[in-house]
Amino acid sequence: MGVLLDHFLYRDGALFAEDVPIAEIARQVGTPFYVYSTATLLRHYQLFDEALEGLDHLVCYAMKAASNQAILATLAQAGAGMDVVSGGEYQRARAAGVPGERIVFSGVGKTAAEIRMALEGGIRQFNVESEPEMEVLNATALAMGVRAPVTIRLNPDVDAKTHAKIATGKSENKFGIPISRAREVYALAASMEGLEVIGIDVHIGSQLTDLTPFEVAYSKVAELTEVLRGDGHEIRRLDLGGGLGIPYARDNQAPPLPSDYGALVKRTLGHLGCEIEIEPGRLIAGNAGLLVSEVIYVKSGEDRDFLILDAAMNDLIRPAMYEAYHDIVPVIEPAPGTPPATYDVVGPVCESGDTFAKGREMPPVAPGDLVAFRSAGAYGAVMSSEYNSRPLIPEVLVKEDQFAVIRRRPTFDEMIKRDTIPQWL
Ligand code: LLP
């Protein structure tokens, strides 16, 4: 795996998370569950931090990727800031001990209540996405007698060449303000007493496996910085978003590394003397997490075998939602030389979309065996639901030879008691 190490390796044929056997976690916690590696989280954070060395910078982890407070605290203690997109994420980051001055607030639909919460609790900056939002932010700040620090998110109209559902930098997307209107929008912002305009923000998409779209977008940002400075705006901070992709398939061509990305940032923007922020999510958390599941049945269909797992689309939605590929590996390796089997890998949820992989060639497994989905740390647990009244599955964090349940599985009783039956029934 080279530089992008993860710490989920086989020892004598058994899969480990750092120094803990996965089978031991399964025995104690039950399946399915998510497990994260502290060493992998920290390593990937540090790769970004090192990639920007020499520039005044802050790596703001996009906590939407994996937002358990134990993960946030791990990264925050290493120096990370956070990129949040809701009042809930803001509160969660604060609860995990992240100071307000290391939190940036992104998102197209921040409400006045969310804005007030962040202004009261402390915020590094708002990444503003529209004029109506600017008005609300201005009014809220003025009413509180403060000035809100803002960067304005510009839509550079760049094709990120990624899955359509996660591309954000084209003019047809809902994100940001068209770069062609930047000068008038900055002039408007400068006229608002409640705002302190400090910079520019861009984020063009997620799971980018080529640096070219970043290069095009950042070059536009560089040009615009000079233009806006010429108009009298103090542009001192550039938020460059997240988006660097990870290798999902072990055999595919690896995407560029954080060091390549850092070199690109320095090349395109380094001369401007700005403070640089980045918002990586997937690259920090993706390969730092596995989803572990048990085989319930192997069912022979007309022309194929179905591997029926106890995990389902409600636990990991990415294959159903984005046709995403996740490596699925046995927790105990078969004897060397065992021929592979081919399965459609599915969950127990009652719809055909509950399919993790079709015609997947993998080592043969049997009911009761454990399998692990690799690269499931980002956009896994956070996108899960209780569809089919399946409880949200536990999350476990490993550090060397220790592990802790960082979110326990709810009981059926807890789930059921959340509903209220009206008195007329
Ligand atoms: N900053 C902003 C403003 C974002 O919208 C995102 C992701 C990020 C940073 C982090 O991007 P990353 O470094 O993780 O690529 N659920 C999808 C991914 C959605 C990404 C949304 N925004 C998936 O499972 O592939």
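Start with T38: leaving aside residues up to four places away in sequence, T38 touches E18, T74, L397, V398 and K399, where contact means heavy atoms within 4.5 Å. You'll find T38 in helix α2 (residues 38-51); helices here are DSSP runs of H or I with at least four residues, numbered from the N terminus. With 7% relative accessibility, T38 counts as buried, a word that stands for under 20% relative accessible area with a 1.4 Å probe and protein chains only (over 50% is exposed, and in between is partly exposed).

A quick word on what you're looking at: this is a predicted model, in which local features need pLDDT of at least 70 and side-chain atom pairs count only at pLDDT 80 or more, while totals for chains, interfaces and linings use all residues. Residues are numbered from 1 along each chain as its sequence is written, and side-chain values use heavy atoms, with hydrogens and water left out.

Now for the inside. A nonpolar core is a set of buried Ala, Val, Leu, Ile, Met, Phe, Trp, Tyr and Cys residues joined through side-chain atoms within 4.5 Å. The largest one here has 100 residues, and Y61, M82, F126, L238, L240 and Y261 have the most contacts inside it. Helix α8 (residues 212-230) gives the most to this core, seven residues in total. Domain 1 (8-36 + 286-417) and domain 2 (106-280) each supply at least three residues to the core; the domain bounds come from an automatic or database domain assignment.

Next, the empty space. Rolling a probe the size of a water molecule over the atoms shows where such space is left. On a 1 Å grid over the protein atoms alone, a cavity is a set of points where a 1.4 Å probe fits but cannot get out, whereas a pocket is an open set with protein on both sides within 12 Å along at least five of seven lines; lining residues have an atom within 4 Å of a point. Searching the whole structure turns up two cavities of 30 Å³ or more. The largest cavity has a volume of about 50 Å³, and its lining is made of Y34, D315, A381, S384, L392, I393, E395 and R407.

The largest pocket has about 740 Å³ of space. Of the 33 residues that line it, K64, T168, F175, H203 and Y379 lie nearest its centre. Helices α10 (282-285) and α11 (318-322) are the elements that give two or more residues to this lining. Where does the largest pocket lie? Domain 1 and domain 2 both give residues to its lining, so the pocket lies between them. The second largest pocket has a volume of about 200 Å³, and among its 16 lining residues Q207, Y248, R318, A324 and Y325 lie nearest the centre. This lining, too, draws at least three residues from each of domain 1 and domain 2.

Methods: Grid points are joined across faces, edges and corners, and a volume is the space filled by probe spheres set on the points.
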